[in-house]
Amino acid sequence: MRLSQLFTKTSKTVPADETSKNAQLLIKAGFVYKVMAGVYAYTPMGLRVLEKIKQIVREEMNAIGGQELIMSSLQRKDTWENTGRWDDVVVDIWFKSKLKDGTEVGFGWSHEEAIIEMVKQHLSSYKDLPIKVYQFQTKMRNELRAKSGIMRGREFVMKDMYSCSVNAEQHEAFYQATIEAYNRVFDRVGIGEDTYVTFASGGAFTQFSHEFQTICDAGEDVIYLHRGKNIAINEEVLDDETLSKLGIARDELEKVKSAEVGNIFNFGTQKSQDTDFAFTNEAGEKQFVHLGSYGIGITRLMGVVAEKFSDEKGLVWPASIAPATVYIARLGESEDTLKAADELYKELTDKNLDVLYDDRALRPGEKFADADLMGIPYRVVISDKTVAAGNYELKARTSAEASMVSRAELLKTLGI
RNA sequence: CGGGGAUUGGCGCAGUUGGCUAGCGCGCUCGGUUUGGGACCGAGAGGUCGAAGGUUCGAGUCCUUUAUCCCCGACCA
């Protein structure tokens, strides 16, 4: 992407009332645009980050047998009445509307019931199981109070996966596989170190559900860490009974603020019974499906990374989800420099590297400031000086000093 | 939903006890000088003060209603 073509611009200031760090940085860098409280649009730069995160999640979900699909945002009232969750008293975050003929519809805040309804059409025998499906969907939730920038919105992107199993054993195996897949996702996104599988309040079927909590001051949760055992307990379930069940002493725990980036639920057969979601087993008997639900907040994940990785100059994206791997800052407009920069841009782009090419007629300081603010992992300077010397000036976003490197060294550092 | 704060050119802000043509910085346009960490000089464009109503000779400044935004709390199955 040539920056001269990019319609978004960086800004030195942010709306004064936007105090959340992730929103400040993302707005300044031009990655998101605030439409209204809790509702953000993603610009080309922001979208790139989202898509990188989604691709990582997609690869890991596919690796454990997930099949991607996409449900609808508009949902039928009937879908939710069977489980008693259409009522605003039961679920107080519904956005609802009506068709022209008066038929009530809801905007999906979750897709559990909707997915079940669909999968039901394709399930009749135990031979059809297990089924694991997932989607990336925009969820609509009429939150009383949106907050923390993109970390808690009224409209946000979530990856939600659902597993349908023949029995508890099959369910449990997939549940464990998902925990491992989630850990790989968070490792790849760059927050693995600070993300803990956390015991939290469960549903009717199990004592605990598992959340994936990332240490983050902007988070809304409080968890107690056991670094040695690499597990955590949500404040809401911390009591003596839980501690003894997990074999942990209270004084071994460390209290931290955290953000929930993922969660997984075991529904057992409760919801299947509510929705008559069943199949026929070997003996010809009707059996209810064992259901699991697994979520990762994609936009929240982006917000958490923005919160955690930044400095006084701006964002610092982990390479795996950066909107571009390298920022080419061209200094000067001389023929040779133009040619050298254009060539490098073409070469890297041809090798499928995501490149931001700053071809604008701006002063060096502005280009450097933008490269830093946008948090691009590497910055390459091409100027009359470097062209004359036949090398490149390379600087990592995380290091203070730049160094002069040869073409070979440059390509090697960029991984091509 | 309870409490607190805010709303003035695109953005960030200032506008004293109501008083004449509403200012400043950034950004933008034009001209010139510059060119390795957000340059400088000069000349411009751009707002009717969130909205509605009221008090007053006179309202950005006071009153009422209302909308929106932010923060704290509650809520987050």
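Which domains does the domain assignment give for chain A? This is a predicted model. Select residues 21–311 of chain A for domain 1, then residues 324–413 for domain 2. Taken over C-alpha atoms, the centres of domain 1 and domain 2 are 40 Å apart.

**The nonpolar cores**

Next, select Ile53 and Ile328. In the largest nonpolar core, which has 87 residues, Ile53 and Ile328 touch the most other members. This core lies between domain 1 (21–311) and domain 2 (324–413), because both domains give residues to it.

Leaving out residues up to four places away in sequence, Ile328 touches Ala341, Leu344, Tyr345, Val355, Tyr357, Asp358, Val380 and Ile382.

Then clear the view and select Tyr196, Tyr224, Ala232 and Ile233. These residues are among the 8 that form a second, separate core.

Now show RNA strand B and the 38 residues around it. Which of them come nearest to RNA strand B? They are Ala16, Ala37, Pro364, Gly365 and Ser383.

Two elements to select here are helix 10 (364–374) and helix 11 (384–389), the elements that give two or more residues to the surface near RNA strand B. Helix 10 gives the most, with 8 residues.

To finish, colour the surface near RNA strand B by residue class. Its residues divide into 15 nonpolar, 13 charged and 10 polar.

Technical notes. Residues numbered from 1 in each chain as written. Chains lettered and ligands numbered in written order. Predicted model: local features only at pLDDT ≥ 70, side-chain atom pairs only at ≥ 80, totals over all residues. Near = placed C-beta within 6 Å. Helix = DSSP H or I, 4+ residues; strand = E, 2+ residues; numbered from the N terminus. Nonpolar A, V, L, I, M, F, W, Y, C, P; charged D, E, K, R; others polar. Domains from an automatic or database assignment. Core = buried A, V, L, I, M, F, W, Y, C linked by C-beta atoms within 7 Å. Buried ≥ 20, exposed ≤ 12 C-beta atoms within 10 Å, placed from the backbone. Contact = placed C-beta atoms within 7 Å.
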